[in-house]
Amino acid sequence: MIRHNWTIEEAKDLFLLPMNDLLFKSHTVFRKNFDPNKMQVSTLLNIKEGGCTENCGYCSQNVHNNKEVRNTELIELQQVKESAQRAKDAGLTRLCMGAAWRNPKEKDMSHIKEIIKTVKGMGLQACMTLGMVTQEQAKELKEVGLDYFNHNLDTSREHYPNVVTTRTYDDRLRTLEYVRNAGLNVCCGGIVGLGENIDDRASMLCTLANLPEHPHSVPINMLVKLDGAKMLDCEEVDHLDFVRMIAVARIMLPKSHVRLSAGRSEMSESTQAMCFFAGANSIFYGDKLLTTENVSQEDDLALFAKLGLEIER
Ligand code: SAM
Ligand code: DTB
Ligand code: SF4
């Protein structure tokens, strides 16, 4: 059942269940809504690296961090074509493109739209994450065929000011509203490992579940400690607590694709398998995330074979 009236207490009670009870519950919800042996896979492409003016504490691509980073121009169409072709050759269906921006400038919109048309013209689904957009920009992106827009809440409203101060939680929610109004599929999730507590994890999932529509996909990232980023001394996440986050997300967002996102290369096969049992049914596939290494395609295919998982087409 889709609910939009979750309370933090109810969500927290799920986190506090004995692990076997939580996994049984989340796997039951998973089976009711999905084929548990099908995995949606998306591949990432960084279309504009570095130079971002926001100060997200987990990110290395902004001008506030402690390291010189590459500040590239928006990617050329030829490179997009090559990446899209590689994704197609690997049998993938969706290309997710990320730009290190606070928001797209008007002068960038025509090139962004050409990128979307190129990807769509090659028969792939297109997803973009561009920072904040206006209502008009969201409509323009939809008009040229963009399928998904990723914009994460990252953490709870309460913990947000400890992570980023150059924008507010409401700025984030506003962009999500524009994206929804434009008829784009929303991809929205967060990060575990930013020094948040269970209340914060419960609160973020409540915000997601209580949106007017549940996001189509919900990426759950484990913090990747990036050279130069500010938030490097947060406590490591216990992998079983990460599995709990996936399980509670699955229960509260029963029909959304829950994506086991960044941080997978730090996880054992068994932890990943537990996440897939708990209800994660999407991953980023391909050797690279945005700036860091991902699990290799060979290792992913080997794990899928061991677990009897098939790629969703
Ligand atoms: N600049 C755009 C924005 O922030 O909306 C898009 C790109 S940003 C890299 C996309 C998302 O990736 C972030 O919202 C965050 O959830 C995730 N992310 C970024 N750096 C990460 C890290 N070091 N570890 C885990 N997730 C990360
Ligand atoms: C999301 O939730 N995670 C992806 C994607 N959306 C854009 C990004 C993960 C970035 C991990 C760190 C890096 O490679 O730079
Ligand atoms: Fe900029 Fe996005 Fe990095 Fe935040 S996460 S600093 S908005 S690129």
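**Close-up 1. Residue classes in the shell around ligand 1.** In this predicted model, the shell around ligand 1 comprises 10 nonpolar, four polar and two charged residues (Ala, Val, Leu, Ile, Met, Phe, Trp, Tyr, Cys and Pro count as nonpolar, Asp, Glu, Lys and Arg as charged, and the others, Gly among them, as polar). Ligand 1 is surrounded by 16 residues, of which Thr-129, Asn-152, Asp-154, Arg-172 and Val-224 are the closest (a residue is near a molecule if one of its heavy atoms lies within 4 Å of it).

**Close-up 2. Polar contacts and cover of ligand 1.** Polar contacts are pairs of N or O atoms within 3.5 Å. A polar side-chain atom of Asp-154 is 2.6 Å from an oxygen atom of ligand 1. Polar backbone atoms also take part: one of Tyr-58 lies 3.1 Å from a nitrogen atom of ligand 1, and one of Ala-99 lies 3.2 Å from a nitrogen atom of ligand 1. Of the 560 Å² of accessible area that ligand 1 has on its own, the protein covers 90% (Shrake-Rupley method, 1.4 Å probe).

**Close-up 3. Surroundings of ligand 3.** The residues around ligand 3 are Cys-52, Glu-54, Cys-56, Tyr-58, Cys-59, Asn-62, Ala-100, Trp-101 and Arg-167. By class, six are nonpolar, one is polar and two are charged.

**Notes.** Residues are numbered from 1 along each chain as its sequence is written, and chains are lettered from A and ligands numbered from 1 in the order in which they are written. Local features need pLDDT of at least 70, side-chain atom pairs count only at pLDDT 80 or more, and totals for chains, interfaces and linings use all residues, while side-chain values use heavy atoms, with hydrogens and water left out.

Methods
A polar contact is a pair of N or O atoms within 3.5 Å; within protein, one must be able to donate a hydrogen and the other to accept it, and residues adjacent in sequence count only if both atoms are side-chain atoms.
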